[in-house]
Amino acid sequence: MTSSITIVGAGLGGLVLARVLHVHGLSVTVYEAEASAAARVQGGLLDIHPGNGQQALEAAGLIKQFQGLVLPGRQSYRVLDRAGTVLLDLPDDGAGERPEVPRGELRRLLLDSLPDGIVRWGRKVSAARTLGEGRHELRFTDGATTPASVLIGADGAWSRIRPLLSDAVPRYIGFTSVECFLLDSDTRHPASAEAVGAGSLFALAPGRGLLAYRERGGTLHAYAQLKVPENWLACTGGADSVAVSARVAAEFDGWAPELTALITASDTAPVVRPLYTLPAGHRWDRVPGVTLLGDAAHLAPPNGEGANLAMLDGAELGQAIAAHTGDVEAALDEYEQAMFPRAIEAAGAEDTYDLMLGGDAPDSWIAMMNGAERPS
């Protein structure tokens with residue numbers, strides 16, 4: 001019988017894995033660095049795709065509950081230039097197969113589907129080491145340790161579990177994203193709310209762009225996307241939110257005020273996220289007792305696939321373990337052999353950023369949106 005499974009990371013992929021294992025009656029523990037489920041804002045809207053994210057939620061037995069989280073009308077898209085002129089307006093015709101849901105609400109659904117105690121909050125892993133015979137040991141930042149018979153790294157870009165399998169290190173792709181929120185926008189920021197419309201906004205130019213979309217209750221979730229050096233904000237000290245906002249806003253000097261307000265009128269401190277990727281085709285040789293999923297395995301910049309892939313990773317890994325309860329190595333190998341090519345097929349986020357913010361923006365993005373597939 002398979003020993004208790006240890007998961008590091010309570011993101012969407014790790015939680016789907018935990019849920020599928022729980023559904024199959026298998027013992028699982030999740031260690032999460034954050035102090036609680038409410039420790040930080042859990043991203044924005046996610047469009048959940050039928051071939052991966054929705055499939056994962058089916059495996060987790062949560063597809064009906066997921067449908068209750070869907071925000072109608074959010075699959076509409078606008079492209080504007082820096083003057084605020086609408087260049088393309090694609091309404092939500094109700095025929096889309098990728099419904100939008102708030103990431104935080106989806107995470108809460110997964111957490112609520114697990115018994116208390118499965119997720120151990122405030123347990124930040126500092127390192128992992130091999131004990132031999134397929135067993136490993138986790139060391140936490142407080143100095144405590146715990147053994148793991150079956151170890152799954154679902155701990156994101158800077159995974160502490162990845163070094164057990166691979167020496168790959170994330171590489172900066174040349175773009176940085178700065179996240180902001182405008183609350184009660186229809187009342188307090190009506191010009192920006194009107195510009196964004198019912199769904200998503202892309203205001204683009206070569207090397208810079210503003211992305212925003214409408215969440216529940218009139219909240220606008222915005223991102224400034226910039227082609228800049230990795231240490232671009234070093235002069236601000238990073239922690240000075242006023243200086244960061246001013247530095248970001250300066251990159252959009254002369255843009256329409258309803259667009260720049262997405263940064264300057266933010267009701268939250270800006271969150272700066274340089275974007276990284278793992279090497280194309282990242283993979284590893286089978287190491288007994290351990291594997292990776294999601295960004296820990298195949299990190300790529302946001303392109304609409306990351307969360308969906310992580311959830312499918314979790315679902316398929318959980319199903320493989322449940323199907324091979326007497327042979328965990330067969331389960332891990334089966335999972336990896338399906339996951340590696342899937343991750344390669346879904347790669348290409350850097351091409352997405354070149355389309356959005358390359359020398360032909362916004363025309364290159366409009367041409368893509370007018371093609372056979374809308375953006376994620």
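1. Ground rules. The model is predicted, with local features needing pLDDT of at least 70 and side-chain atom pairs counting only at pLDDT 80 or more, while totals for chains, interfaces and linings use all residues. Residues are numbered from 1 along each chain as its sequence is written, and side-chain values use heavy atoms, leaving out hydrogens and water. Helices (H or I, at least four residues) and strands (E, at least two) are DSSP runs numbered from the N terminus.

2. α1 on α4. Helix α1 (residues 12–23) and helix α4 (residues 103–112) have axes that come within 9 Å and cross at roughly 25°. Axes here are lines fitted to C-alpha atoms, for helices over the stretch in contact, with angles from 0 to 180 degrees between N-to-C directions. The pair is therefore roughly parallel (under 35 degrees; over 145 is roughly antiparallel, 65 to 115 roughly perpendicular, the rest oblique). On the α1 side, L12, L15 and V16 make the contact (heavy atoms within 4.5 Å), and α4 brings R103, L106, R107, L110 and L111. That splits into 6 nonpolar, no polar and 2 charged residues. For these classes, Ala, Val, Leu, Ile, Met, Phe, Trp, Tyr, Cys and Pro are nonpolar, Asp, Glu, Lys and Arg are charged, and the others, Gly among them, are polar.

3. α1 on α10. Here the axes are 7 Å apart and the angle is about 25°, so α1 and α10 are roughly parallel to each other. From α1 come L12, G13, V16, L17, V20 and L21; α10 supplies A307, A310, M311, G314, A315, L317, G318, Q319 and I321. By class, this contact has 11 nonpolar, 4 polar and no charged residues.

4. Helix α11. What span should the 19 residues of α11 (residues 328–346) have at 1.5 Å a residue? The expected value (1.5 Å times one less than the number of residues) is 27 Å, and the end C-alpha atoms are 27 Å apart, so the two agree. Its buried residues (under 20% relative accessible area; exposed is over 50%, partly exposed in between; 1.4 Å probe, protein chains only) include Y335, F340 and R342. The buried residues of α11 pack against β11 (150–153), β17 (290–292), α9 (295–298) and α10 (306–323).

5. P274. This proline lies in strand β16 (residues 271–277). P274 counts as partly exposed because its relative accessibility is 28%. Leaving out residues up to four places away in sequence, P274 touches Y172, F175 and T176. P229 is 45 residues away along the chain, with 9.2 Å between its C-alpha atom and that of P274.
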